[in-house]
2 protein chains.
Amino acid sequence: MYELYYWSEIQGRGEFVRLVLEDLGQPYVDIGRDKGDEAVAEALDGVLAPYAFAPPVLRARDLVISQTALITRWLGEKHGLAPADEKGRLQAAMIALTIADLVAETHDTHHPINVGETYEKQKAPAHARSRAFRQLRIPKFLGYLERILEQSGDYLVGTPSYVDLSAFQVLDGLTYAFPRTVHRQHVPRLRKLHERIARRPGIAAYLGSERRLPHSEAGIFRHYPELEAA
Amino acid sequence: MYELYYWSEIQGRGEFVRLVLEDLGQPYVDIGRDKGDEAVAEALDGVLAPYAFAPPVLRARDLVISQTALITRWLGEKHGLAPADEKGRLQAAMIALTIADLVAETHDTHHPINVGETYEKQKAPAHARSRAFRQLRIPKFLGYLERILEQSGDYLVGTPSYVDLSAFQVLDGLTYAFPRTVHRQHVPRLRKLHERIARRPGIAAYLGSERRLPHSEAGIFRHYPELEAA
């Protein structure tokens, strides 16, 4: 039985791990939601220390794994949701880490100065950073995923893998946060992948459940209309 | 024979890979330095596409590997500069990814708004971001590494591994960029690790060679006195 340590009230980075667990049908305890955020904070200084820097963290028997792209890779490779060969595994891992970079940059659009302060205290630089993000970074990252799909086919590394779930989630979140910008991108294969992933039995069941929280302005993908204004 | 694709005139993220190759004594062609940055740019659209998003990229026979922490892990595990057991390998990978996050945050201190513009065009937000970085992030990240060493001993995961080289490099770079801030941190074990790594035969030879470029204001770790002023 896996234990997932993540904050209870947002999708956040924990969602990338949840999607893999839900797709696999692996039972897990969502510690933050079951026991509260205090239990997550205590674990970070306790059973998860010292190697886990921040949530999400997965605990499996005596293994403690942090860093989103490492957790999803480990789960995917362990449970057959990853290529079996080294080349494919490295390709999936590379894409997963690049998506993690995109997630970090998305977070910085509303927190460009200080993660310890609210968005409201950094609105002017957030506006400037969001503009560059919309104009340069969204096209670059989504174009990267689209070009891979042009070569690989229906899934990013040929066969369905954990990284397709991460691509689903990042497109889902960016569409919520920057709808007009995302709709303007020419990424037909990536959109098809999003639809394909949403129809997978485990994912469809999860998205229809109460466990799937809505996107919100407490998470990573936030919709502030002023950050998309021209 | 490995091929490393990275820009020729800076240490940058490529340096984390170089340190592993140099420590291991593995021969490699440093494509940017041998053939120029145009060769790197061309390869990104050619032999390295579509999976590699950005340099550094390592090519080994038919394998193309990007993402610094993935490259160093792969090299370390292949050549015995990593733990042999799963638990240790995951610990090293977690730390390496956390160091990669620290490197990205360091870059953002001089480019908080737009990676496509010069530092000079974002000096005011750079000052604000650097302040938060010095006050909150440097203590948090370096404290994390120090706490691990308190538990693990002379090396971050018990035996010498690629992640110790990354810790060396990030402390080295931060000390160049924010000397007063770093000197104020109480991280005696991390400083000892830095000294220990600098004495390893392959690393000592490399640091004394012309291949080791100096830190500079074209790289990731930049020393702008105004970003450290109170």
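This report describes the chain arrangement, sheets, helix packing and backbone exceptions of a predicted model.

## Relation of the two chains

Two copies of a chain are related by a rotation about an axis and a shift along it. Here, chain B is superposed on chain A by a rotation of 180° with 0.0 Å of shift along the axis, at an RMSD of 0.0 Å. That is the relation of a two-fold axis. Within chain B, the C-alpha nearest to this axis belongs to B:Pro112, at 3.0 Å from it.

## The interface

Contacts between the chains involve 33 residues of chain B and 33 residues of chain A. On the chain B side, at least two residues each come from strand E4 (63–66), helix H5 (86–110) and helix H6 (123–152). H5(B) gives the largest share, 10 residues. Sorted by class, the side of chain B that touches chain A holds 21 nonpolar, seven polar and five charged residues.

Of the interface residues of chain B, 100% are also interface residues in chain A, so the copies meet through the same surface.

## The sheet of chain A

Chain A has an open sheet of four strands in the order E2-E1-E3-E4, with mixed pairing. At the edges are strand E2 (28–30) and E4 of chain A, each of which pairs on one side only. Direction ignored, neighbouring strands of this sheet are turned against each other by 20° on average.

The pairing can be followed strand by strand. E1(A) and E2(A) run parallel and are joined by three bridges; A:Tyr2 has A:Tyr28 of E2(A) as its bridge partner. Strand E1 (residues 2–5) of chain A is also joined by three bridges to strand E3 (residues 57–60) of chain A, and these two run antiparallel. In that pair, A:Tyr5 stands opposite A:Val57 of E3(A). E3(A) and E4(A) are antiparallel too, with four bridges between them, and A:Ala60 stands opposite A:Leu63 in E4(A).

Helix H1 (residues 14–24) of chain A lies across E1, E2 and E3 of chain A and runs at about 160° to E1(A).

## The sheet of chain B

In chain B, four strands form an open sheet of mixed pairing, in the order E2-E1-E3-E4. Strand E2 (28–30) and E4 of chain B are at the edges with a single partner strand each, so one side of each has no neighbour in the sheet.

Strand E3 (residues 57–60) of chain B and E4(B) run antiparallel and are joined by four bridges. Within this pair, B:Ala60 has B:Leu63 of E4(B) as its bridge partner. Strand E4 (63–66) of chain B also supplies at least two residues of the side that touches chain A.

## Packing of H4 and H5 in chain B

Two packed helices are described by the angle between their axes and the distance between the axes. For helix H4 (residues 68–78) of chain B and H5(B), the angle is about 150° and the axes are 9 Å apart. That angle makes H4(B) roughly antiparallel to H5(B), the cut-off for this being over 145 degrees. The crossing of H4(B) and H5(B) is right-handed.

H4(B) contributes B:Thr68, B:Ala69, B:Thr72, B:Arg73 and B:Glu77 to the contact, and H5(B) contributes B:Arg89, B:Ala92, B:Ala93, B:Ala96, B:Leu97 and B:Ala100. By class, six residues of this contact are nonpolar, two are polar and three are charged.

## Backbone exceptions

Most residues other than glycine have a negative phi, and most peptide bonds are trans. In chain A, A:Gln67 is not a glycine but has a positive phi of about 75°. The place of A:Gln67 is the loop between strand E4 (63–66) and helix H4 (68–78) of chain A. A:Arg61 also has a positive phi, near 50°, in the hairpin of E3(A) and E4(A), where two residues lie between the strands.

In chain B, the peptide bond from B:Ala49 to B:Pro50 is cis, with omega near 0°. The bond from B:Pro55 to B:Pro56 is likewise cis, with omega near 0°. B:Pro50 is in the loop between helix H3 (37–45) and E3 of chain B, and B:Pro56 is found in the loop between H3 and E3 of chain B.

Conventions. Residues numbered from 1 in each chain as written. Chains lettered and ligands numbered in written order. Predicted model: local features only at pLDDT ≥ 70, side-chain atom pairs only at ≥ 80, totals over all residues. Contact = placed C-beta atoms within 7 Å. Nonpolar A, V, L, I, M, F, W, Y, C, P; charged D, E, K, R; others polar. Pairing = 2+ DSSP bridges. Axes fitted to C-alpha atoms, helices over the stretch in contact; angles between N-to-C directions. Parallel < 35°, antiparallel > 145°, perpendicular 65-115°, else oblique. Left-handed = near helix turned anticlockwise from the far one by under 90°. Least-squares fit on C-alpha atoms with pLDDT ≥ 70 in both.
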